[in-house]
Amino acid sequence: MLQLPMIPDIEVSIVLLVVLSLTSGVISGFVGVGGGFIMTPALIILGFPAEYAVGTGMLWVMGNSIIGTLRHRRLGNVDFKLGSVMIVFMMFGVELGIRALSVAINAGIAEASVLIVTICVLILVGSSIFWESARTKARLDKMIRENNKTDERPGISFLTSALSRVNIPPILSFPRANVRISLWTLLIIGVIAGVLAGFIGVGGGFIIVPSLVYIFGVPSFIAVGTSLFQIIFPAAFGAARYSIEGNVVIFAAFIMILGSSAGIYFGSLLTRYLRDISMRYTLAITILIAVMGSIIKVITITSNSEASWLKFAMTVITFGGLTLVVVLLTGLFIVAIRRKKGRNIPGWTQSLVKD
Amino acid sequence: MAEEGKSYISVVYNIGLVVLTATALGLLMEKITDLISHENQTPETTDTRGKVDSK
């Protein structure tokens, strides 16, 4: 157990902290999210007070995103122009989100409100991506069975179609991502992602990546690298704000960054072996795991129950679920290597790994 | 006043420590990757632009 210097009454399991940061690092490096939406609820589950969980999570997200950006820049996955434009709008949203959280803290409802907002947003985003990924995989499987050329672009929903048709000038061109987007669409998405980032202590990646892929049509792995780059700045801004208020446990953040660095390396390596569809599936499943852990936490807060089975269930779902995702990704990585060597692989994995 | 100065020092300390650590770790990983890539002589890119363009 680790005694946190700034929160004397709380002890945190150092093993769970390292497991959490390592698995979050793999997922972050692969799907391009800073990992705050996993980390903040998980830190609350580990026993951090909400404001410390948000502040420490933000500092970790910043470090995580720096490591991920350096790695993805090398892989050619970062559109710096697109990321820079989004950063400006996100920063504005982060400030709004932090002010909203301060109001919640003063009202004494910080922990419950952070978790409830997190749950609502995650359920909406996670289930949409999961649904779309399942449809795309079914289409890919059919194409592979019929020996057609595979097309793993996501299906277009009504909302996506409507937003992508917004052509209000100025229209900006992003050659690296190969897209043209209205400044106003970028403004809306950037501010929404920023507000969520500031309020629930996340970098906003789980909003940005799906937005870039589904609304703007950016290739998934360019969305991953660009998202990690732009997360650095709102996360740094948020971490600075929480540091001023003394709500950051630097020692825990430092341990978490060390733990996640190896995970990010492996996660970014996976982008060379697995298809876009695997990335979207991983993002959806991770989001849904984070939701389940948070729902149980809300039950414990609202019912004032300290039942040990609830705490056990939360820990198993969050930490077991994340570990299971990383194990599955490692399995797919092995399958991809087998495929590259010309060996037989299971039929259902053909649409998940690259040729 | 002294309290305010103390909180700004903690901001610089927290952000600075994490930026330095993360950058050092990121660059260290690049170096390790370079060494491994050099030994295996494999191309180091997942650039998907070409694939998208061809679609």
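Here is a short walk through this predicted model, from chain B to the charged pairs of chain A.

Let's begin with chain B, which has two helices and zero strands. Of its 55 residues, 29% are buried. Its accessible surface comes to about 3,800 Å², and carbon and sulfur atoms account for 65% of that area.

Now turn to chain A and find helix α1, residues 14–31, where Val15(A) sits. Val15(A) is exposed, with a relative accessible area of 57%. Together with Ile14(A) and Val18(A), Val15(A) forms a nonpolar patch on the surface, with about 230 Å² of accessible area in total.

Next come the charged side chains. Side chains of opposite charge can pair when their charged atoms come close. Over all chains, the structure holds five salt bridges. Arg99(A) itself is exposed, at 53% relative accessible area.

Glu95(A) also forms a salt bridge with Arg241(A), at 2.7 Å from N to O. Because Arg241(A) lies in helix α9 (residues 220–244) and Glu95(A) in helix α4, this pair ties together parts that are 146 residues apart in sequence. Glu95(A), Arg99(A) and Arg241(A) are linked with Glu245(A) in a network of salt bridges.

Finally, look for Glu132(A) and Arg280(A), whose side chains meet in a salt bridge of 3.2 Å, N to O. Glu132(A) is in helix α5 and Arg280(A) in helix α11, so the pair ties together parts 148 residues apart in sequence. Glu132(A) is buried at 4% relative accessibility, and Arg280(A) is buried at 2%.

Terms used: Residues are numbered from 1 along each chain as its sequence is written. Chains are lettered from A and ligands numbered from 1 in the order in which they are written. This is a predicted model: local features need pLDDT of at least 70, side-chain atom pairs count only at pLDDT 80 or more; totals for chains, interfaces and linings use all residues. Side-chain values use heavy atoms; hydrogens and water are left out. Helices (H or I, at least four residues) and strands (E, at least two) are DSSP runs, numbered from the N terminus. Buried means under 20% relative accessible area, exposed over 50%, partly exposed in between (1.4 Å probe, protein chains only). Accessible areas come from the Shrake-Rupley method with a 1.4 Å probe; for residues, only the protein chains shown count as cover. Patches are made of residues with over 30% relative accessible area and no salt bridge: like charges are joined within 9 Å, nonpolar side chains (Val, Leu, Ile, Met, Phe, Trp, Tyr) within 5 Å. A salt bridge is a side-chain nitrogen of Lys or Arg within 4 Å of a carboxyl oxygen of Asp or Glu.
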